Amino acid sequence: MAEFETIAVRTQLERTQFQEHSTPMYLTSSYVFEDSEDMRASFAEEKERNIYSRYSNPNTSEFIDKVVKMEGAEDGFAFATGMAAVFSTLAALLESGDHVVSSRSVFGSTHGLFTKYFPKWNISHDYFDVNAPEDIESLIKPETKILFAESPTNPGVDILDLELLANIARKHDLILIIDNCFATPYLQNPLKFGADLVIHSATKLMDGQGRVLGGITVGNNKLIREIYLFSRNTGPALSPFNAWVLSKSLETLSIRLEKHCENALKVAEFLESLPQVETVKYPFLKSHPQYEVARKQMKLGGNVVAFQIKGGLEAGRRFIDRLQMCSRSANLGDTRTIVTHPASTTHSKLSDEELKAVGISESLVRISVGLEHVEDIINDLKKALQE
């Protein structure tokens with residue numbers, strides 16, 4: 001088995017008759033058949049081949065193959081967005097009457113699925129606190145089917161013990177699904193700790209330059225088969241162009257992540273030294289409550305830092321408005337440093353009670369640390385905090 005960097009660069013489609021060095025783009029909606037028997041056998045899945053780009057496409061296949069190898073998975077399916085991956089994965093595996101146990105600290109749109117849409121199909125959920133994993137088993141019911149979590153979480157950057165979650169899932173015959181978006185396959189491989197499926201928003205660090213949208217789920221081949229059949233009929237397919245961009249971006253993922261993480265740790269240490277800052281969370285800061293767990297299951301700490309400014313909402317707004325270089329945006333994982341106020345953006349649809357329940361205060365700021373020179377990032381943050 002080749003090393004991560006080699007997989008990222010050398011996993012690609014077979015060359016065509018033109019002997020191209022870089023994989024070409026296959027911008028086609030459909031494919032032709034030799035004759036009626038070829039067409040029948042292809043639709044009957046007696047042949048492994050491309051039929052229609054909603055089902056598969058050479059560029060999406062290359063992207064999937066790369067992530068499958070990076071995560072140590074058996075199979076995968078790619079989606080138009082990260083949330084399409086989350087929804088399609090859960091919807092394909094859940095039935096009316098099923099129950100989900102999930103970490104309370106999840107992305108706002110995932111919270112929306114659990115609280116607004118899945119109840120319409122009689123799918124219920126219970127949340128556990130990331131700081132009280134000992135409560136998980138008490139929430140499991142006979143109808144519980146899935147244990148779901150993000151690690152690190154968005155936006156609080158909490159860490160969950162993946163091995164502990166896997167042991168609970170195995171004990172109660174649950175499907176363990178981990179959203180690994182903040183870590184990427186380079187920093188963390190949840191399948192090695194016992195997860196069944198891993199989800200990524202490829203829009204973030206996998207692309208790394210804020211250009212395209214995409215998502216992917218990889219893991220157990222029987223579960224992926226169910227997800228594939230659901231998605232083949234419901235149509236959340238990743239576009240071939242976006243798949244080509246994402247596959248090329250993965251070639252530099254390891255190099256980018258090394259620098260992202262180096263910058264993020266320096267930014268976190270800087271913020272922790274300031275009297276204007278109340279708390280700082282970064283997985284590889286020794287002050288992080290789950291520091292030892294992060295060191296056990298992550299290669300580096302990632303590029304996201306969460307902190308709270310003294311002075312509440314108004315202090316947070318003043319800080320964001322004073323930034324001169326860092327971008328004010330809702331995305332993350334870009335080469336450019338991005339500062340987000342989750343309570344008024346990514347999690348703005350949550351009520352005050354829901355924000356409190358998922359651990360998001362009005363003064364919480366999330367920084368996706370980019371690849372600018374770290375002193376320039378720190379100087380921008382310093383001026384915005386001190387002016």
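View 1. At 37% relative accessibility, lysine 259 counts as partly exposed, a class that lies between buried (under 20% relative accessible area) and exposed (over 50%), computed with a 1.4 Å probe and protein chains only. Glutamate 262 is also partly exposed, at 35%. The two residues form a salt bridge whose closest N and O atoms are 3.3 Å apart; the term requires a side-chain nitrogen of Lys or Arg within 4 Å of a carboxyl oxygen of Asp or Glu. Because they are 3 residues apart in helix H11 (residues 253-272), about one helical turn separates them. Helices (H or I, at least four residues) and strands (E, at least two) are DSSP runs numbered from the N terminus.

The model is predicted: local features need pLDDT of at least 70, side-chain atom pairs count only at pLDDT 80 or more, and totals for chains, interfaces and linings use all residues. Residues are numbered from 1 along each chain as its sequence is written, and side-chain values use heavy atoms, with hydrogens and water left out.

**View 2. The salt bridge of glutamate 45 and arginine 225.** The search of the whole structure finds 19 salt bridges. In one of them, the side chains of glutamate 45 and arginine 225 meet at 2.8 Å, N to O. Glutamate 45 lies in the loop between H2 and helix H3 (58-71) and arginine 225 in helix H9 (residues 221-234), so the pair ties together parts that are 180 residues apart in sequence. Glutamate 45 is partly exposed at 39% relative accessibility, and arginine 225 is partly exposed with a relative accessible area of 35%. Side chains of opposite charge can pair when their charged atoms come close.

**View 3. Aspartate 65 and lysine 69 in helix H3.** Both residues lie in helix H3, 4 residues apart, about one turn of the helix.

**View 4. The open sheet around strand S9.** Five strands form an open sheet with mixed pairing, in the order S8-S9-S12-S11-S10. The edge strands are S8 and strand S10 (327-328), each pairing on one side only. Two strands pair if DSSP finds at least two bridges between them. Strand S8 (residues 277-281) and S9 pair in the antiparallel sense over 4 bridges, and threonine 279 has glutamine 308 in S9 as its bridge partner. S9 and strand S12 (residues 364-368) are antiparallel too, over 5 bridges; here alanine 306 has arginine 366 in S12 as its partner. Strand S9 (residues 304-309) is mostly covered, with 5 of its 6 residues buried. Strands of a sheet pair through backbone hydrogen bonds, either parallel or antiparallel.

**View 5. The buried face of helix H15.** Helix H15 (residues 374-386) has 13 residues and reaches 18 Å from its first C-alpha to its last, close to the 18 Å expected at 1.5 Å a residue. The expected span is 1.5 Å times one less than the number of residues. Its buried residues are Val374, Ile377, Ile378, Asp380, Leu381, Ala384 and Leu385. Seen down the axis of H15, these residues fall within an arc of 160 degrees, so they line one face of the helix. The arc is that of the directions from the helix axis to the C-beta atoms.

View 6. Met25, Leu27 and Phe241 make a nonpolar surface patch of about 300 Å². Patches are made of residues with over 30% relative accessible area and no salt bridge; like charges are joined within 9 Å and nonpolar side chains (Val, Leu, Ile, Met, Phe, Trp, Tyr) within 5 Å. Accessible areas come from the Shrake-Rupley method with a 1.4 Å probe, and for residues only the protein chains shown count as cover. Methionine 25 is placed in the loop between helix H1 (4-10) and helix H2 (36-43). At 37% relative accessibility, methionine 25 counts as partly exposed.
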